[in-house]
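Welcome, and please open your viewer. This tour goes from stop to stop, telling you what to select and what you will find there.

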Amino acid sequence: MRETILQGLEQAYGNFVHMVAEFLPHFLVMLIIIAVGLLVAFLFKYILRAVLQLTKLDRVSEEAGASRVLRMAHLPAMSEVLSRSLFWVTWFGFILVGLSVLGVASLQEQISRLLQFLPEVIVAILILFLGIAIANFLSRAALLAAVNAGYSSARIVSWAIRFVIWILAVTMTLEELGLARQTVIAAFSIVFGATMLGLAIAFGLGGQDLARRFLEKHLEGPKTGKDEEPQPL
Amino acid sequence: MAEETFLSDDLLRQLVSVGEVDLLVGISSHDAVKTVGQVLRAIEQSFQQHFVRQRVVIVLLDGGEEREDTVIETIPETSEEKKVRVPGITSLRTIHRVTANFSTPPTAGIALRTILAVADLLRARACAVVSSSSSNLTADAIGNLLRPVYQEKFDFVAPLYTRHKYQGLLMRNLLYPVSRAVFGCGIREVFPAEWGFSGRLATYCLNTNVWHEEAIRAQPEAWMAITANCTDYRCCQVFLGEKSPPRKGSPGTDIVEVLRQTVGTLFWCIETQQQLWMDRDKLQPVPTFGPAYQLTSEPTDMDRHRIFEMFRSGVTDLEPILSSILDPETHAEIKRMVSLEEGKFRFKSDLWVRTLYDFAASYHHAVLNRDHIVQALAPLYRGMTHSFLVEHADSSPAEIEAANEMLCSEFEIQKPYLREKWKAKVEVKS
């Protein structure tokens with residue numbers, strides 16, 4: 001009896017030692033991979049930051065209006081966001097590779113799924129960023145054109161354009177991520193259709209006078225008989 | 001030679017048959033088909049009256065479907081033109097006419113580059129570019145553009161015009177004061193419709209690597225004027241008489257389009273020619289032949305209220321854009337002005353100067369898309385216009401000239417402000 005217990009304990013101890021002996025090298029390899037990953041990620045971050053500063057990306061981002069959106073979200077400058085993102089993506093990739101070295105079957109499956117999903121996440125972020133930049137640029141262009149033409153609802157026009165492009169960008173992002181595809185497309189169609197119908201009805205019913213004034217102004221010229229503005233040159 | 005690469009074979013063939021010339025006048029026919037015949041006759045009369053012995057050529061740039069021969073044939077000579085013609089005087093030389101045909105209307109930059117290349121190839125000593133829409137242009141005026149170059153050895157001849165006191169406010173309140181303060185350029189019309197230049201300057205400009213730039217494609221004349229004035233070429237101004245009004249519907253009547261073409265180009269010149277102005281404070285004097293200014297004041301009825309309303313709504317609606325462009329203090333002052341009643345509103349000259357310098361610095365730092373920066377100036381320009389119309393409703397030409405001189409001085413005094421803003425780092429908050 002006593003011998004059986006001792007034998008059991010000995011076997012358990014042997015198994016434990018064997019497991020530790022087998023696990024420890026893997027664990028050490030994982031730590032080394034993560035540490036190397038950290039160094040590589042830092043290196044990538046500094047290289048990318050230097051390249052982006054050379055290419056004056058922050059200026060382009062300011063011009064496109066993307067920096068304004070980042071500031072609104074309390075995020076740093078564009079070059080900093082991208083270099084930090086590269087750091088985390090790189091290090092995260094190394095962490096996943098390191099974890100896969102441990103050889104835990106269920107973990108490996110999850111890691112491989114995550115790795116497959118990563119490119120889609122990056123593309124989705126790019127789509128969202130481009131959408132925001134385009135929305136800002138076009139809404140600003142529309143605002144300037146409407147203000148300089150003397151339209152009274154310039155801000156509404158600008159916001160409508162920004163809103164529609166944002167919806168489009170968010171829909172495309174969710175579509176890329178594969179999240180509730182059918183629901184997203186249906187929701188987009190409903191929101192977009194409703195917005196357009198609403199605008200059409202609003203202009204049709206509420207804008208009769210505006211349309212009449214617009215046509216009168218362009219077909220008949222100013223009623224006051226006054227010159228609108230002096231010749232600039 | 002570089003120019004041989006872009007001149008067409010047909011044009012080169014015509015140039016070979018012309019040979020070297022003394023005088024050259026370039027004109028684009030596509031932008032004003034109705035008046036081009038009239039302007040061409042004025043050029044020919046000028047050659048017949050003022051340059052009888054010189055070898056001359058007219059370079060016609062045609063980009064439309066209607067060819068110049070058709071255009072000229074279809075426009076009969078008016079009785080006024082018949083009166084102007086001096087009987088018995090005719091050129092001793094053939095008045096050559098060459099046509100550069102383009103499939104589409106050439107931009108102002110392409111048109112000027114072609115004229116410069118032709119001038120360089122034909123070794124022209126004195127050249128002029130005239131606008132086909134300048135229906136008021138006379139033979140004497142064209143002679144006045146060519147003579148200072150041909151006889152007095154000037155390199156750039158800018159025009160001066162008779163204008164109504166409310167015409168040309170962009171020139172008077174923005175383009176001239178800014179170019180004078182920044183570059184020390186004493187040329188009043190930095191965006192002339194017609195101007196003269198020497199073959200020497202033509203060759204220099206032709207060989208400068210700027211022709212691919214968007215600003216030069218759209219409006220190259222300011223760059224040429226500023227380059228001539230700042231690089232020791234001899235410049236002068238001549239009085240040409242009444243300026244032809246822009247045609248209805250042309251870009252010259254649309255303030256935003258005019259701002260994009262002129263202020264955009266001026267800001268581009270400031271941006272790309274820093275070495276010419278950063279350490280320069282001296283005004284380059286420009287000799288003037290004829291009166292320096294001539295203003296008329298027939299009664300006109302401007303819609304001041306609408307101009308003020310467009311200023312007010314523009315400043316309010318563009319607040320987020322203006323806050324990115326203007327210094328916070330300048331922006332706050334402009335917002336305070338918006339709340340004033342129309343009768344009490346005045347755009348003070350020091351504020352106008354700071355506003356423009358903020359715009360120029362923001363253009364340099366590209367805080368927004370550069371075209372958007374220039375467009376955002378339109379409401380503020382309208383505010384300045386309203387202020388001018390109210391302040392100078394009863395002013396005499398001399399009083400307006402004195403006010404313009406004070407505005408120019410204000411721009412010169414505040415130039416250190418531009419330098420400071422120019423060198424400041426763009427704040428990208430993290």
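## First stop: a tryptophan

Select Trp166(A): at 30% relative accessibility, this residue counts as partly exposed, because buried means under 20% relative accessible area, exposed over 50% and partly exposed in between, using a 1.4 Å probe and protein chains only.

Before moving on, a word on what you are looking at. This is a predicted model, where local features need pLDDT of at least 70 and side-chain atom pairs count only at pLDDT 80 or more, while totals for chains, interfaces and linings use all residues. Residues are numbered from 1 along each chain as its sequence is written, chains are lettered from A and ligands numbered from 1 in the order in which they are written, and side-chain values use heavy atoms, with hydrogens and water left out.

## Ring pairs

Which tilted pair can you find in chain B? Select Tyr204(B) and Tyr233(B): their ring centres are 5.5 Å apart and their planes lie at 50 degrees, so the pair is tilted. (Rings of Phe, Tyr and Trp, the last by its six-membered ring, pair if their centres lie within 6.5 Å; planes under 30 degrees apart count as stacked, over 60 as edge-to-face and the rest as tilted.) Tyr204(B) sits in helix 8 (residues 199-206) of chain B, and Tyr233(B), 29 residues apart from it, in the loop between helix 10 (221-230) and strand 7 (235-242). Helices (H or I, at least four residues) and strands (E, at least two) are DSSP runs, numbered from the N terminus. Tyr204(B) is partly exposed at 35% relative accessibility, whereas Tyr233(B) is buried at 14%.

Next, select Phe42(A), Tyr46(A), Phe87(A), Trp88(A) and Trp91(A), which ring pairs link into a cluster. Over all chains, the structure holds 20 aromatic pairs.

## Where the chains meet

Now show both chains. The contact (heavy atoms within 4.5 Å) takes 30 residues from chain A and 48 residues from chain B. For the chain A side, highlight Asn148(A), Pro232(A) and Leu233(A): they supply 22% of the area that chain A buries against chain B, more than any other three residues. Buried area is the accessible area, taken with a 1.4 Å probe, that two parts lose on being put together, summed over both.

Last, select Arg155(A) and Asp317(B). They form a salt bridge, with the closest N and O atoms 3.8 Å apart; the term needs a side-chain nitrogen of Lys or Arg within 4 Å of a carboxyl oxygen of Asp or Glu. Between chain A and chain B, the count is one salt bridge.
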